[in-house]
Amino acid sequence: MIKENGKCDTEIKRRIGLASAVVGRLQKIWKARNIKLPTKVMLYKVLVQPVLLYREECWTVRKEEERKILALEMNCLRRMLRITRKNKIRNVDVR
């Protein structure tokens, strides 16, 4: 879904929404203490990233969309690690 002006922001927003829904459905897994972090990361790579990045090779990504994609990724990583924004841990340290 590329517009005449070359932008595909609606497709990127749609993909972010779909990936957010997947992250939400995996909430019990992110909170589970008996599932190890490498397993959670693998699930993120297998279940969330393909939904988010499907056909991304034809996107023209602006800084705003890139920031939104990275925000979704950080949100998912923070959920996996059970780190809230209140903990004041920087994104670099979370990665």
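Me: In this predicted model, which residue forms a salt bridge with Lys68, the closest N and O atoms being 3.4 Å apart?
Reply: The cut-off for a salt bridge is 4 Å between a side-chain nitrogen of Lys or Arg and a carboxyl oxygen of Asp or Glu. Lys68 has its closest N and O contact at 3.4 Å. The partner is Glu64.

Me: Why are Lys68 and Glu64 separated by about one helical turn?
Reply: Both residues sit in helix α4. They are about one helical turn apart because their spacing along the helix is four residues.

Me: Is Lys68 buried, partly exposed or exposed?
Reply: Buried means under 20% relative accessible area, and exposed means over 50%. Glu64, at 37%, is partly exposed. Lys68 has a relative accessible area of 29%, so Lys68 is partly exposed.

Me: How many salt bridges does the structure hold?
Reply: One joins Lys68 and Glu64. Another joins the side chains of Lys63 and Glu66, at 3.9 Å from N to O. Lys63 and Glu66 lie three residues apart in helix α4, so about one helical turn separates them. The count for the structure is two.

Me: Does Lys63 count as buried or exposed?
Reply: Its salt-bridge partner is Glu66. Glu66 has 35% relative accessibility and counts as partly exposed. Lys63 reaches 68%, and the cut-off for exposed is over 50%. Lys63 is therefore exposed.

Me: How are α3 and α4 oriented to each other?
Reply: Helix α4 spans residues 63-81. The axes of α3 and α4 come within 11 Å and cross at roughly 155°. Angles over 145 degrees count as roughly antiparallel. α3 and α4 are therefore roughly antiparallel.

Me: At what angle do α1 and α3 pack?
Reply: Helix α1 covers residues 9-25. The axes of α1 and α3 are 8 Å apart. The two helices are roughly antiparallel to each other, and α1 passes α3 in a right-handed crossing. The angle is about 165°.

Me: Which residues form a nonpolar patch on the surface, with about 260 Å² of accessible area together?
Reply: One member, Val46, is found in helix α3, residues 37-53. Val46 is exposed, with a relative accessible area of 53%. The patch consists of Met42, Val46 and Leu47.

Me: How many helices and strands are there in the protein chain?
Reply: From the N terminus on, the elements run α-α-α-α-α. Of the 95 residues, 31% count as buried. The chain has five helices and zero strands.

How values were computed
Residues are numbered from 1 along each chain as its sequence is written. This is a predicted model: local features need pLDDT of at least 70, side-chain atom pairs count only at pLDDT 80 or more; totals for chains, interfaces and linings use all residues. Side-chain values use heavy atoms; hydrogens and water are left out. Patches are made of residues with over 30% relative accessible area and no salt bridge: like charges are joined within 9 Å, nonpolar side chains (Val, Leu, Ile, Met, Phe, Trp, Tyr) within 5 Å. Accessible areas come from the Shrake-Rupley method with a 1.4 Å probe; for residues, only the protein chains shown count as cover. Buried means under 20% relative accessible area, exposed over 50%, partly exposed in between (1.4 Å probe, protein chains only). Axes are lines fitted to C-alpha atoms, for helices over the stretch in contact, and angles run from 0 to 180 degrees between N-to-C directions. Angles under 35 degrees count as roughly parallel, over 145 as roughly antiparallel, 65 to 115 as roughly perpendicular and the rest as oblique. A crossing is left-handed if the near helix is turned anticlockwise from the far one by less than a right angle, and right-handed if clockwise.
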